[in-house]
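Have a look at the model first, then try each task before reading on.

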Amino acid sequence: MAKPIILAVDDDATVLDAIERDLRQHYRADYRVMKAGSGAEGLDAAKELAARNTPVALFLVDQRMPGMSGIEMLGEVMKLHPGSRRVLLTAYADTDVAIAGINSIGLDHYLMKPWDPPELRLYPVLDDLLSEWRARMRPSFEGIRVLGSQWSPESFAVKEFLSGNRIPYEWVDLDLDGTARALAVSLTGDLTRLPVVLFPDGTHLVAPTSGELAAKAGLQTQAQRPFYDVIIIGGGPAGLANAVYAASEGLRTVLVEQHAPGGQAGTSSLIENYLGFPAGVTGADLAQRATAQARRFGAELLSGQRAVALRREDPYRVVVLADGTELTAYCVVIATGMSARTLDIPGAAPLQGIGVYYGVAMTEAARYRARDVCVVGGANSAGQGALFLSRYARRVTMLVRATGLESSMSSYLIGRIRSAPNIEVVCGVDLEAVHGTGAMEGVVVKVAESGALRTIPAEAMFIFIGVQPHTEAFAGVLERDEAGFVLTGSDLPQEHGRPRGWPLERAPFMFETSIPGVFAAGDVRGGSNRRVAAAVGEGSAAIYSVHRYLRTV
Ligand SMILES: Cc1cc2nc3c(=O)[nH]c(=O)nc-3n(C[C@H](O)[C@H](O)[C@H](O)COP(=O)(O)OP(=O)(O)OC[C@H]3O[C@@H](n4cnc5c(N)ncnc54)[C@H](O)[C@@H]3O)c2cc1C
């Protein structure tokens with residue numbers, strides 16, 4: 001652990017040198033003695049130390065300094081280092097100011113200048129103060145600190161990124177920690193953008209992107225080679241399986257992941273149906289094992305990098321990343337998966353996971369026993385969700401945009417919903433806002449026909465408005481189905497008995513998209529099975545097709 005600091009501040013260079021010399025002589029074994037030549041300089045040093053989370057045991061500050069007096073400076077630093085001891089160096093004429101400072105800024109002591117001999121007039125006082133400080137001091141965390149709010153989705157995203165990439169960090173809730181709040185304000189001016197991420201080298205980032213965070217946290221973000229056999233986009237089970245099989249079979253392989261390896265599976269608390277794990281395996285564990293395995297075989301894994309475009313420059317395939325970098329290879333495998341479609345209305349994001357859920361969230365259903373909940377959506381998944389929840393909840397209100405369920409739900413489900421005494425179906429409504437701070441209280445809907453607003457009290461909302469594949473980067477480049485999933489092999493739309501626009505004599509290989517040499521595997525592929533094992537299977541099998549393709553270039 002770094003030594004705690006004693007910071008001496010005086011505008012008179014000769015006096016400052018003398019204080020520094022005396023302090024070093026007595027305290028150097030246990031403390032690092034620092035000095036500053038003005039109040040402003042001292043305050044900057046205090047800010048930087050707070051940003052590094054380096055504890056300051058003692059401030060020893062001259063009162064009479066131009067620009068900022070000792071009392072003024074100590075008043076500011078106590079917001080950043082409330083536990084430190086504060087001593088003012090005064091001339092006789094400043095005694096009144098010093099006494100007033102005991103009340104106003106909690107000054108611990110004042111010392112008259114000169115303090116010779118220090119053995120009698122300096123060290124005994126400071127020894128006492130420092131031993132008091134040591135008794136109360138708690139060891140400080142020396143890694144990355146995230147200063148944010150639990151109501152800020154960006155704070156949640158940063159925590160997810162760090163934990164997904166297994167980077168240790170300390171979470172500091174600014175709503176509960178006034179000192180951290182003062183530090184965040186002193187570094188950024190205000191708290192409009194959160195979180196503030198502090199690094200052990202004293203630097204900080206405000207609301208960083210995954211790429212900025214990855215680079216700063218020391219993850220690999222840039223490719224090491226100018227050229228690869230295969231670029232894999234997406235580090236979920238399919239992409240990681242791609243990487244393991246490609247690298248282990250000798251291909252020059254790079255995988256690009258926008259967040260953390262593991263994908264959707266990485267967020268699962270227990271995967272129980274994956275072969276070989278009779279007691280189940282957590283998504284995080286599976287992701288970590290697969291990542292280590294891929295790296296062991298020599299695959300490069302770029303974290304915090306998002307693919308934004310794909311280009312064909314025969315015989316090469318070029319992938320453009322969000323930071324403008326371009327990667328070139330013979331082949332590309334798209335394994336970008338999908339995610340639940342999210343509801344973008346005021347109040348929804350802060351309550352996600354604490355009242356607002358995507359999907360049925362079976363583990364949460366029992367929490368709402370005998371309470372009122374809503375289900376959003378009118379398809380079969382929403383109907384099944386409502387029936388499941390009706391076993392627990394007092395009342396389930398289904399909120400449906402269409403004027404009826406008939407066009408989107410199977411009739412057997414409609415019949416069961418109608419006969420459930422505690423399910424009410426409200427059709428023809430659009431969601432406007434979610435109410436509640438810390439817990440959901442209700443949802444505001446707009447009746448499409450009249451435009452009237454209606455508030456429906458509910459303690460939870462389960463949203464079933466479909467899934468979306470991550471394929472925006474490939475729109476207009478590859479054949480996709482109506483929902484945006486990438487089409488491959490025999491699923492490619494046919495024209496005159498051949499895949500539309502297909503340039504080669506041979507038929508597309510398994511998992512090959514409408515561009516030769518570009519493959520898709522896992523949930524992102526139209527018609528995939530949307531399971532971990534299926535994604536892993538497709539990921540490994542797609543590499544077989546990659547080998548076949550490489551024989552042709
Ligand atoms: C909460 C939850 C629990 C689940 N539990 C189970 C279970 O118990 N059993 C089971 O079999 N299945 C389960 N599933 C389904 C399973 O997780 C998925 O089928 C599987 O993860 C799909 O893998 P994938 O690699 O195809 O895609 P994903 O897991 O979706 O991974 C895709 C990856 O690509 C990245 N990416 C996307 N776009 C880009 C881009 N442009 N640039 C760079 N990277 C990009 C994403 O960040 C993501 O990491 C669960 C899913 C969820 C959400």
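**Exercise 1.** Which helices and strands each supply at least two residues of the lining of the second largest pocket?

*Solution.* The model is predicted, so to speak of local features we need pLDDT of at least 70, while side-chain atom pairs count only at pLDDT 80 or more and totals for chains, interfaces and linings use all residues. Residues are numbered from 1 along each chain as its sequence is written, and side-chain values use heavy atoms, without hydrogens and water.

Step 1: the contributors are α2 (39-52), α6 (123-136), β7 (169-173) and α8 (178-188).

Step 2: the second largest pocket holds about 770 Å³ of space. Its lining has 27 residues, and Asn53, Pro82, Arg138, Ser140 and Thr179 are the closest to its centre.

**Exercise 2.** Is strand β4 (residues 85-90) mostly covered or uncovered?

*Solution.* Step 1: six of the six residues of β4 are buried (buried means under 20% relative accessible area, with a 1.4 Å probe and protein chains only).

Step 1: on one side sit Arg85, Val87 and Leu89, on the other Arg86, Leu88 and Thr90, and both faces are covered.

**Exercise 3.** Which strands are joined to β4 by bridges?

*Solution.* Step 1: strand β3 (residues 56-62) runs parallel to β4, with five bridges; here Phe59 stands opposite Arg86.

Step 1: strand β5 (residues 109-112) also runs parallel to β4, with four bridges, and Leu88 stands opposite Tyr110.

Notes:
1 Å grid on protein atoms, 1.4 Å probe; cavity = no way out; pocket = protein on both sides within 12 Å on 5 of 7 lines; lining within 4 Å. Points joined across faces, edges and corners; volume = space filled by probe spheres on them. Buried < 20%, exposed > 50% of the residue type's maximum accessible area, 1.4 Å probe, protein only. Pairing = 2+ DSSP bridges.
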